[in-house]
Amino acid sequence: LKDMDYIAGMDTCLCREANDCEDYPKDIACLFFGDGGRTVVKHGLAKQLTYEEACARVDKAAEYGLMGQAVWIEVEQLLWGIRNDEMDKFLEICFCCPCCCIAMSLARNAQPEDRIRFHPSGWTAVPDRTKCTGCGLCQETRNGCPVEAISFGEDGKVVINQELCVGCGICKPRCPSDVIK
């Protein structure tokens with residue numbers, strides 16, 4: 001983050017605004033870097049931020065338990081006509097809530113073969129099965145695991161499919177036994 005030559009932050013989370021979210025603040029919105037940041041500012045969707053302002057936004061998102069997702073902006077690519085060979089310049093970090101996030105909704109409702117488009121950037125949820133009580137709260141159906149990576153073994157303890165898990169973190173705060181890291 002510190003090495004970025006340009007950081008932009010949206011004023012409002014488009015997903016929470018569109019869904020009139022009542023559970024999470026709408027002003028903790030996406031960060032864009034480099035040319036992606038310049039593009040969203042040019043389109044009037046964001047304003048340039050200092051490094052300190054961007055870090056404060058990250059900290060505020062963490063306080064609320066919002067999941068930070070690093071994504072390539074495919075929707076924006078279509079809207080703004082960004083060429084495929086330029087996509088490496090358009091990194092975005094979203095601070096997603098489980099109830100309104102359009103990407104998580106798409107993942108949750110996609111066919112299993114289409115969920116491959118959602119993959120981790122190196123982070124996945126890993127359970128300490130020795131602590132698991134099998135309560136099932138991590139797999140809660142309302143706004144639960146968007147890629148259905150959570151199941152329970154024959155012993156009744158949580159299993160997380162590492163090939164499916166996108167590391168979104170939705171399951172972690174739901175576990176009262178601190179099983180998921």
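**View A. Asp-20 is partly exposed, with a relative accessible area of 47%.** The model is predicted: local features require pLDDT of at least 70 and side-chain atom pairs pLDDT 80 or more, whereas totals for chains, interfaces and linings use all residues. Residues are numbered from 1 along each chain as its sequence is written, and side-chain values use heavy atoms, with hydrogens and water left out. Buried means under 20% relative accessible area, exposed means over 50%, and partly exposed lies in between (1.4 Å probe, protein chains only). The side chain of Asp-20 meets that of Lys-26 in a salt bridge, 2.8 Å from N to O. A salt bridge here is a side-chain nitrogen of Lys or Arg within 4 Å of a carboxyl oxygen of Asp or Glu. Lys-26 is also partly exposed, at 23%.

**View B. Asp-5 and Arg-38 form a salt bridge with an N to O distance of 2.7 Å.** Asp-5 belongs to the segment before strand S1 and Arg-38 to helix H2, so the pair ties together parts that are 33 residues apart in sequence. Helices (H or I, at least four residues) and strands (E, at least two) are DSSP runs, numbered from the N terminus. Asp-5 counts as exposed at 56% relative accessibility, while Arg-38 is partly exposed at 33%.

**View C. Helix H2 covers residues 34–42.** Its buried residues are Gly-34, Gly-36, Gly-37, Thr-39 and Val-40. An α-helix has 3.6 residues a turn, so residues three or four places apart point the same way. After H2 comes Gly-44, which has a positive phi near 75°.

**View D. Strand S1 (residues 7–10) pairs with S2 and with S3.** Ile-7 and Gly-9 point to one side of S1, Ala-8 and Met-10 to the other, and all are buried. The pairing with S2 (residues 31–33) is antiparallel over three bridges; Gly-9 has Leu-31 as its bridge partner in S2. The pairing with S3 (residues 46–48) is likewise antiparallel over three bridges, and Gln-48 in S3 stands opposite Ala-8. Two strands count as paired if DSSP finds at least two bridges between them.

**View E. Met-104 lies in helix H5, residues 102–109.** Met-104 counts as buried because its relative accessibility is 1%. Beyond neighbours within four places in sequence, Met-104 is in contact with Met-67, Gln-69, Pro-146, Cys-168 and Ile-170. Contact means heavy atoms within 4.5 Å. The C-alpha atom of Met-104 is separated by 9.6 Å from that of Gly-144, which is 40 residues apart from it along the chain.

**View F. Asp-178 and Lys-181 form a salt bridge, with the closest N and O atoms 2.7 Å apart.** Asp-178 is partly exposed at 34% relative accessibility, and Lys-181 is exposed at 51%. Elsewhere, salt bridges that share partners join Asp-5, Asp-35 and Arg-38 into one network. The structure holds seven salt bridges.

**View G. The protein chain contains five helices and seven strands.** From the N terminus the elements run β-α-β-α-β-α-β-α-β-α-β-β. Of the 181 residues, 38% are buried. Of the contacts between residues at least 6 apart in sequence, 67% join residues at least 24 apart. The chain exposes about 10600 Å², of which carbon and sulfur atoms supply 52%. Accessible areas come from the Shrake-Rupley method with a 1.4 Å probe; for residues, only the protein chains shown count as cover.
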